[in-house]
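Please read them alongside the coordinates.

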Amino acid sequence: MKTKRIAIDGIMAALYVVLGCLSLDLGMMKISFEDFPVILAGLMMGPIDGMIVGGLGTFIFQIIRYGFSATTVLWMLPYIICGLVCGLFAVRSHFYNTNRQLWIIIIIAGILTFAFNTLAIYVDSIVYGYYTPAYVWGALGIRLIIMAAKIVVFGLLAMPILKAMAKITGRKKFQ
């Protein structure tokens, strides 16, 4: 069973990287679905796996796209926290989440990822000296709309994908 978990973690981290590379990067904001594999890993396998997928996926993506920098770990933090939170909710419910609970978890994960990404933008801009209020806070409204749209997409896709993953992993908890 451990081999299967490691393989699924690797696949989900790779999916994170692919989704990150396929994102629409508009400079001060990025439209992507890279956090979805992190959410799925946390919900399906728990907080450790969610954190592994979030951390490993982000690290590889950061290295490919931007190289290693003083703020690489800072950019990893939102996705590690996302995996942790989703996994903790899953463990709390014994990996049995109703559709309503999944929506709540996805909303919380989306808000946390948004908040920590905003913090990362702010700190990164201070560290590298490109801070301006317009850059960090100017696109906040558009970023909030993107976050809300992603939450809707993730909420609609989560249950069917988790059911399919449950067959692969042997879990029968999702209905």
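1. Contact here means heavy atoms within 4.5 Å. Leaving aside neighbours within four places in sequence, lysine 150 is in contact with Ser32, Phe33 and Asp35. Lysine 150 lies in helix α7 (residues 140-169); helices (H or I, at least four residues) are DSSP runs, numbered from the N terminus. With a relative accessible area of 16%, lysine 150 is buried, a word that means under 20% relative accessible area (1.4 Å probe, protein chains only).

2. This is a predicted model, in which local features need pLDDT of at least 70 and side-chain atom pairs count only at pLDDT 80 or more, while totals for chains, interfaces and linings use all residues. Residues are numbered from 1 along each chain as its sequence is written, and side-chain values use heavy atoms, with hydrogens and water left out.

3. On confidence: pLDDT is the predictor's confidence in each residue, from 0 to 100. The protein averages a pLDDT of 90, and 96% of the residues score at least 70. Helix α3 (residues 47-65) has the highest mean, 96, and helix α6 (residues 133-137) the lowest, 81. Where pLDDT is low, the predicted coordinates should not be read in detail.

4. Helix α1 (residues 2-21) packs against helix α2 (residues 36-45) at an angle of about 160°, the axes being 9 Å apart. Axes are lines fitted to C-alpha atoms, for helices over the stretch in contact, and angles run from 0 to 180 degrees between N-to-C directions. That angle makes α1 roughly antiparallel to α2 (over 145 degrees). On the α1 side the contact is made by Arg5, Ile8, Asp9, Met12, Leu15, Tyr16 and Leu19, and on the α2 side by Pro37, Val38, Leu40, Ala41 and Met45. These residues divide into 10 nonpolar, no polar and 2 charged (Ala, Val, Leu, Ile, Met, Phe, Trp, Tyr, Cys and Pro count as nonpolar, Asp, Glu, Lys and Arg as charged, and the others, Gly among them, as polar).

5. How does α2 sit against helix α4 (residues 72-92), and at what angle? The angle is about 30°, with the axes 7 Å apart. The two helices α2 and α4 are therefore roughly parallel to each other (under 35 degrees). Val38, Ile39, Gly42 and Leu43 of α2 meet Tyr79, Cys82, Gly83, Cys86, Gly87 and Ala90 of α4. This contact of α2 with α4 divides into 7 nonpolar residues, 3 polar and no charged.

6. Leucine 74 is also found in helix α4. Neighbours within four places in sequence aside, leucine 74 is in contact with Ala120, Val123 and Asp124. The C-alpha atoms of leucine 74 and threonine 169 are separated by 32 Å, the two residues being 95 residues apart along the chain.

Key: Angles under 35 degrees count as roughly parallel, over 145 as roughly antiparallel, 65 to 115 as roughly perpendicular and the rest as oblique. Buried means under 20% relative accessible area, exposed over 50%, partly exposed in between (1.4 Å probe, protein chains only).
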